[in-house]
Amino acid sequence: MNGLSVPEKLSINKYELDESPHIKVDQEICRKRCQNRVCLFICPAKVYNEQNGELAVDHAGCLECGTCLVACTQKAIDWQYPAGGFGIVYRNG
Amino acid sequence: MSDYDAIVVGAGPAGLAAAYRLAKAGAEVLVIERGSYPGAKNLSGGLLFGRILRELIPEFPQEAPLERHINRYILTFMTKDSTFNLDFKGQGFSQEPHNGYSVLRAKFDRWLGEKAEEAGATLITNIKVDSLLMENNVVKGIVAGEEEMTANVVIAADGVLSFLAEQAGLRDRYNPANFAVGVKELIGLDRTTLEERFGLTGNEGTEYAMLGYPTKGVSGGAFFYTNADSISVGLVMHIDHTSSHQVSPSEVLEDFLAHPAIAPLIRGGKVLEYGAHVVPEGGYNALQKLFTDGLLVVGDAAGLGSNNGFTVRGMDLAIASGIYAADTILEAKAKGDFSAATLASYKKKLEDSFVLKDMKTYAGAAAFMKGDRLFNAYPKLVEGIFTSIYTQQSTPKENLLKSVLKARKESGVTYMSLGSDVWKAVKNL
């Protein structure tokens, strides 16, 4: 019914943007060991995308759900909570 | 001498229940929350079952920002073209004390935070706890930025990912088999339309649990329930299955919302918020260590969640674990001993209560829910049977048994697997 894209949905949310990224990816592990690129399809915020064979991360839209951290069995993702007060702010939850 | 009797990391239901209980008993307790208010980081796709909260705060039904009490529960088997509902409406659920409520966590947790503060707990927000302060494997407090704060006991209420429990060596790195990803939309709908559409009177509410098509064959399910003037709708999908099926939860959610049975229910609604969170789904068999010297783990951080397909529980288990953690700390304070040996009574309290008893009852449910047939073949089977029963043709109707046998054949379910699944369902649910 709504047919909104993920970026459109994220734009409805409230975020306090933290300039310094809370997600880091070990490209070496991705290149050498990853079979399925699970982060590209499983992330509900579509934070991950592929650019010139490298994984790019757009941390600003992160919902802090932790799915990528659990799903990446190669442990290529270094994921921490954003600094206090930053990141997603659920107004309803 | 420690700064506090207890430092609670994380202002969700588990942490705040513990803080409330401790503060009420006169203990010095600090709650640290990384969001700008309790609930700012919290999300739920389930109902709040009120029994244990009533024991902690008897006046909560009058005070808490509850959306609706749920008196109608619908279990739906869904395929692309059909829905089969088990629809239960209990008038008993409309009477005080109500069984379950829909809540919005940014509102509910904030209220619970205020209750804890009124009781005497100190709450600080916008602070991220970086790590535990440890001495010789004993937890002595927390580290946040440059600051260190000490406590006799730290309560790790830091949610399903619990970095603190991991640092203390109480849990392994995440096994995808024990977690699900939940994606959720909150859809605003004016109150009159909502009540007319769902046949609701006053503060009544309806909850749906849906299996099959919603998750595209991935083990998990959909949830759908009414709030005061909005609808919470989303999916919960096991992470290992989602990975191996290579599907995108956000795309699967879109298809689900467009299903002919769902689209009319949310028609005219406006998306107010989109969220996601990992959910503990491993059940009893996936529980890890819940305490060590100077540390207790509660709620999602402890893996306390229960899902038997009909009912998904987490918040009431979280609140209960917070209460038992607080009671354990009060006992330890009386003894002046905060070692693991004393704190072990926390585990005992959980075991003696509905928390671990219920989780144990449904211990097999987590594995049972992983069965492919539950999400693919059975909704298909149900569709086949009822399509045949209700379809009127120009040829004479076959009897019911024949219809069932034919539908079974078409669904690909063997007698052997049917028998074994029924047995497993009876045993585990």
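Predicted model: local features only at pLDDT ≥ 70, side-chain atom pairs only at ≥ 80, totals over all residues.
**Salt bridges, chain A to chain B.** The rule gives five across the interface of chain A and chain B. I noted one pair by name: Lys9(A) and Glu185(B) join through their side chains, N to O at 2.6 Å.

**Elements on the chain A side.** I then asked which elements of chain A each supply at least two residues to the side that touches chain B. They are the helices α1 (6–12), α3 (38–42) and α4 (67–71), and the strand β6 (87–89). I sorted the residues of that side by class and found 21 nonpolar, 13 polar and five charged.

**Extent of the interface.** I have 39 residues of chain A in contact with 51 residues of chain B. The area buried between chain A and chain B comes to about 3,800 Å², and carbon and sulfur atoms account for 58% of it. For polar contacts I recorded 23 residue pairs across the interface, both residues at pLDDT 80 or more.

**A helix pair within chain B.** I turned to α10 (residues 315–335) and α13 (residues 354–361) of chain B, whose axes lie 9 Å apart at an angle of about 140 degrees.

Key: Residues numbered from 1 in each chain as written. Chains lettered and ligands numbered in written order. Heavy atoms only, no water. Contact = heavy atoms within 4.5 Å. Buried area = accessible area lost by both parts, 1.4 Å probe. Salt bridge = Lys/Arg side-chain N within 4 Å of Asp/Glu carboxyl O. Polar contact = N/O pair within 3.5 Å; in protein donor to acceptor, adjacent residues only side chain to side chain. Helix = DSSP H or I, 4+ residues; strand = E, 2+ residues; numbered from the N terminus. Nonpolar A, V, L, I, M, F, W, Y, C, P; charged D, E, K, R; others polar. Axes fitted to C-alpha atoms, helices over the stretch in contact; angles between N-to-C directions.
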